[in-house]
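Here are some friendly notes to read alongside the model. Keep the viewer open and take the points one at a time.

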Amino acid sequence: MRFIPHTEEERREMLRVIGVERIGDLFVDVPEAYRFPPLNLPEPLTELEVRWELEALAEANIHTGQYACFLGAGAYRHFIPAVIDELLRRGEFYTAYTPYQPEVSQGTLQAMFEFQSMICALTGMEVANASHYDGSSALAEAVLMALRLTRGERPKVLLFPTIHPEYRAVVHTYVQHLDVRLEGESGWTLDQLRRPLLLLEELEARLDAETAALVIPYPDFLGRVLPPSRLRETADRVHQAGALLIAVVNPIALALFEPPGNWGADIVVGEGQPLGIPLSFGGPYLGIMATRMAFVRQLPGRIVGETVDLEGRRGYVLTLSTREQHIRREKATSNITTNVGLMALAATIYLSVMGKHGLRQVASLCYHKAHYLAERIASLPGYEVWREHPFFHEFVVRTPRPVAEINRILYEDYQILGGYDLGQADPALAGHMLLCATEMNTREEVDALVEALGEIGPAREG
Amino acid sequence: MPEPLIFEYSVPGRRGVEMPEPDVPEAPFPEGFLREDLPLPEVSEVDVVRHFLRLSQMNYGVDKGFYPLGSCTMKYNPKINEEMARLPGFAQLHPYQDLETVQGALALMYHLQEFLKEIGGFAAVSLQPAAGSQGELAGILMIRAYHRDRGEGKKRIKMLIPDSAHGTNPASSAMAGLRVVNIPSDRRGNIDLDALRRECDETVAGLMITNPNTLGLFDENLMEAIELVHRCGGLIYGDGANMNALMGICKPGEMGFDVMHYNLHKTFSTPHGGGGPGAGPVGASERLAPYLPGPIVAIDRERTVRPDEPVYTLVWPERSIGRVRAFHGHFGVFVRAYTYIRMHGPRLREVSEAAVLNANYLLARLRGIYPVPYDRLCKHEFVIMGRVPGTSVRALDISKRLMDYGFHPPTNYFPLIVPEALMIEPTETESKATLDAFAEAMRRIAEEARSDPQRVQQAPHTTPVRRLDEARAARQLILRYLPASEPRPAPAQV
């Protein structure tokens, strides 16, 4: 059998040493009625055959390398330099486990320390953990963290309505049996959703002694960036109310915009996928989580710290593990153990090789291309672009026909993967499309999309 | 020689990757929005490659050698898995593409769900959870939702957890708002049935069982325990971390487990990645299937014209606990696990048989050298005590000394019920020669403990760093790179 090295003779010798006659004797403790059930699975394939099968499955998809793609909505197509995968495929990295034994895990540990450092640099925060599963679960954990930091005395959490809808859904899942009220996220009209500063005021008005946290997206799900100067006021109001400010960020946007640490966020979470991680149909991605040093003992997940060895050499270890489940069990800050270490490594290599200059270039290219696309669509009859607030690389377009219909024509007739249908996220946003452009979209692609949208236009019949 | 931090290679103005100039007109940036400084390293591509390559060389992975980390199933990760996950038709799919354009990906997920159902004996599977611990949380939320729908949500708030359980079990239960009650183990390492019986009442939400348990033992009281809990209205959660012992050996779903998570990164050969990504799909019995986290993949009966060409879609179980993460789960991990299962098929049973054979063989080789607290047939792993009579050598010392012999240490100090525990899981992919070499190293360490205890107690001697001062790391918290201009924190007073 592939991957099992024993010869028949070795197996016999091993059974003899154990003192049993046959393999089946090793399972006499399994209740007989249930022992050795048939496994109704397809017959095994060789490596060559399995490759054929998987290649056929992969080819049954249309991928973003084939068609121009303008989908974002929380998962972004960015340039991934060749060095990243080259290094990720070092067996010493990807076939290791959580670095419980630091003497033989310095590679992982130091890389995680560098990751934490870079996340702090991007977010303007003082401490980051070594990753969470993804942006949505990081947000859920941040909400739980805020509840702990307010000692469970404040059951209310305010969620900004234009946080990624699936992130909000995950928060609901996590708190469904706890004494927590989530408020502020739904029931808004199209007109209100179009005015983020008004939404901000509305949410600030709901801050009270019951509130544990206010969660603000930056940029929001619709691509808009709230003014950092205004958010500074929000932070003051949140803190005056004795609550915490949680920011949900896109790390690439932070190469341009004032980081949340500068405007007063207490906890910053986000999706790290744009940092060198392939789209891969939605995962594995990278949850980012950072906070202030004052809150480090309530930060969930692995944290790497610097120390010295017996001979005084610098080295790295997992630290503050008394927060964690394997020590604290039901009193732990979280149940998390396996996170997404390899994705964090990818982001670390990405941020190293892009560096200060490259990352700014990427963010600027995204900004310019999205704005060029927005401006061109705005001139098309029948389409209306939301442009009254600054946005990063995504924006909302009201379309003259149902979004699903336009998207179908785009991929069937133009080989373009169109935008996200916002009606799926909120019925108030039906008939609106969320479009994204990154450095991967050439001017030709952008122009082709604009031309296609122009040709599709309003429905002809009627 | 220690490797500098990547920040310490930074030189102002040095560039790594250059991006193209904009091919569109530049839009003005809004005023008052921009950051001034971006303190990332400025290094060249060569700096980056050499730095991370050197870091990798300071790591130990399965590709380097034997990694018998108990309860983690550090088996060999087939290289074909990696190639398949990187096929552009998988790696370059956006999660929000129209479902018509991703039928191959959905087919793969559908079949993986079916395979896992068959292996675990469950009615339905959701692939959503990102890791075992998230699968646990999902499973416990399902149990809570089930009781709530029967009007017993407020009453059934007690989760029974054996003292040999992984720490995630109580932590996940607490996250779901349940009260944790510890159930002790009996003298043979099984769930203590008398203690269990005392706790079985109308407040029980469920019992979390790891089987084989963390002692590596198949619980001899399993069927009675399941029966007791079911009789008082509780449900059974299975921690599937140890499924590598059971494929084709027995099906938890057939034995009365109501919900169980699988660890694709343990049992199904997807790499551990230095701490993830994993994946923790959840399987459920008929009565819990409606509560699974969504979405899951199903055949779209309406749009399927020919049965041999099914059309796949995403659906929500009718009473779903909701989403546990954005998008569709760790798809890249699913590709690897699918590849592995397709290469084994029904012969997965041989995987479990060989895993159990290896563990029992290694146990036989170590018996007599180290104390074995629960000495009976083990499954895929076993626990010994890291003690050498007549010496003060501890499990930690033995673990560190194993590094000098070229091995990764076993899990140590777990399970908590065994003092100086060394929990050893060889997995099926190791040869007899490797097991013999490990047993020989363990024998020599026991000898050294008597003849040269200092050598053992100061180990390791050959690793990139020696033993590290963990207490200092916790006292003087340095958790990120501090440029020379920033003061280093003073050690906290204890």
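What distance separates the centres of domain 1 of chain B and domain 2 of chain B, taken over C-alpha atoms? The two centres are 31 Å apart.

Before going on, please note that this is a predicted model, in which local features need pLDDT of at least 70 and side-chain atom pairs count only at pLDDT 80 or more, while totals for chains, interfaces and linings use all residues. Residues are numbered from 1 along each chain as its sequence is written, and chains are lettered from A and ligands numbered from 1 in the order in which they are written.

1. Domains of chain B. Domain 1 covers 83-346 and domain 2 covers 348-471; such bounds come from an automatic or database domain assignment. Between them, 21 residues of domain 1 of chain B are in contact with 20 residues of domain 2 of chain B (contact means that C-beta atoms, placed from the backbone, lie within 7 Å). The domain 1 side of this contact has ten nonpolar, nine polar and two charged residues. Here Ala, Val, Leu, Ile, Met, Phe, Trp, Tyr, Cys and Pro count as nonpolar, Asp, Glu, Lys and Arg as charged, and the others, Gly among them, as polar.

2. Domains of chain A. This chain is divided into domain 1 (8-57), domain 2 (68-79 + 355-456) and domain 3 (83-350). The centres of domain 1 of chain A and domain 3 of chain A, taken over C-alpha atoms, lie 43 Å apart.

3. Where the chains meet. In chain A, 172 residues are in contact with 170 residues of chain B. Helix α13 (residues 341-378) of chain A gives the largest share of the chain A side, 23 residues. Helices (H or I, at least four residues) and strands (E, at least two) are DSSP runs, numbered from the N terminus. By class, the chain A side has 87 nonpolar, 51 polar and 34 charged residues.

4. Helix α5 (residues 106-123) of chain A packs against helix α1 (residues 45-57) of chain B at about 135°, with axes 6 Å apart. Axes are lines fitted to C-alpha atoms, for helices over the stretch in contact, and angles run from 0 to 180 degrees between N-to-C directions. The angle therefore makes α5(A) oblique to α1(B) (under 35 degrees is roughly parallel, over 145 roughly antiparallel, 65 to 115 roughly perpendicular, and the rest oblique). G107(A), Q110(A) and A111(A) meet L55(B), S56(B) and Q57(B).

5. A sheet in chain B. Three strands form an open, antiparallel sheet in the order β10-β12-β11 (strands pair if DSSP finds at least two bridges between them). The edge strands are β10 (382-385) and β11 (411-412) of chain B.

Note on methods
Contact = placed C-beta atoms within 7 Å.
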